[in-house]
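Read the following with the chain open in a viewer.

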Amino acid sequence: MKNHEWALLDRLTEKFEKTSDFQPEIFLALAERLEEALSAQSRIPVHSLATQLGALLKKVMRKSPREAVLAAQGTAASDTVEAATYLLGQISFAQLLAAQVTERRADDKFLDIIRDVRYKEIVNSLLQHDCTGVELVARTSEQPETVSRKLKVLRELGISDFRREGNKLLNFLTPSAKAVIAEPEKTSEVQTKQNLIRSDVINAILENEPPYMRALNNFSTNSSPLQRVASR
């Protein structure tokens, strides 16, 4: 997948025709992708995500009712149903993103498990690249039940998580886990880094944006994508 592009967003952009094309799970996956991209050291993941979201936004804007577009732009009367609905949607997504980050807080056993030799093969495999359960079984030579049980422990502690891509469930290490592995001599600072990541994620969504645009405007480095789309 070139430049960290997300295949799901490309498919949605290509096939979008109506709002029912968006299932609730899509926004959960998007929150996960945003957290991962915004906490990455490189700007490439978030830049790629921003580009894809801009294309999807343009497609949705073209097929949306004029009243909805005005609400999204913040130019509709503030007491309209459309404006209220849009505002609720923005707040709802911000809350979803905050909840996703909170659920990944490091447990007291975080450091012990991530360094436990019993989990080393799985952790090292996920450090190299995202893997399905089947791939992890092949790489570790462990029984499927054992791999599944260990993945459950890693997810519960916020060390790993998974996302759906097509028919596959891909397991991956969380940013916190990668930070611990990359900087073992600074493990005492991991919780502080996590708090900074959470703050940056939320601020990137909500800070310095006009009404009704506090989530979407973040995906543009210049003018708002909504305003650019509307001007075309």
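The secondary structure of this chain amounts to 12 helices and two strands, where helices (H or I, at least four residues) and strands (E, at least two) are DSSP runs numbered from the N terminus. Along the sequence they follow the pattern α-α-α-α-α-α-α-α-α-β-β-α-α-α. The model is predicted: local features need pLDDT of at least 70 and side-chain atom pairs count only at pLDDT 80 or more, whereas totals for chains, interfaces and linings use all residues. Residues are numbered from 1 along each chain as its sequence is written, and side-chain values use heavy atoms, with hydrogens and water left out.

Of the 232 residues in the chain, 40% are buried; buried means under 20% relative accessible area, exposed over 50%, and partly exposed in between (1.4 Å probe, protein chains only). The accessible surface is about 13400 Å², and carbon and sulfur atoms hold 53% of it (Shrake-Rupley method with a 1.4 Å probe; for residues, only the protein chains shown count as cover). Among contacts with a separation of 6 or more, 64% join residues 24 or more positions apart, a contact being heavy atoms within 4.5 Å.

Take helix α1 next. Leu 8, Leu 9, Leu 12 and Thr 13 are its buried residues. They cover an arc of only 135 degrees around the axis, so they sit on the same side of α1; the arc is that of the directions from the helix axis to the C-beta atoms. An α-helix has 3.6 residues a turn, so residues three or four places apart point the same way. The buried residues of α1 pack against α2 (24-38) and α3 (44-62), while the face turned away from them carries the exposed residues Glu 14 and Lys 15.

A polar atom of the Thr 13 side chain lies 2.8 Å from the backbone oxygen of Leu 9.

Helix α7 (residues 120-128) has Ile 122, Val 123, Ser 125 and Leu 126 buried. These residues line one face of α7, because they fall within an arc of 160 degrees seen down its axis. Their cover includes α6 (110-114), α8 (133-140), α9 (144-156), β1 (160-165), β2 (168-173) and α10 (175-182). Lys 120 and Gln 128 are exposed on the other side of α7.

Technical notes
Polar contact = N/O pair within 3.5 Å; in protein donor to acceptor, adjacent residues only side chain to side chain.
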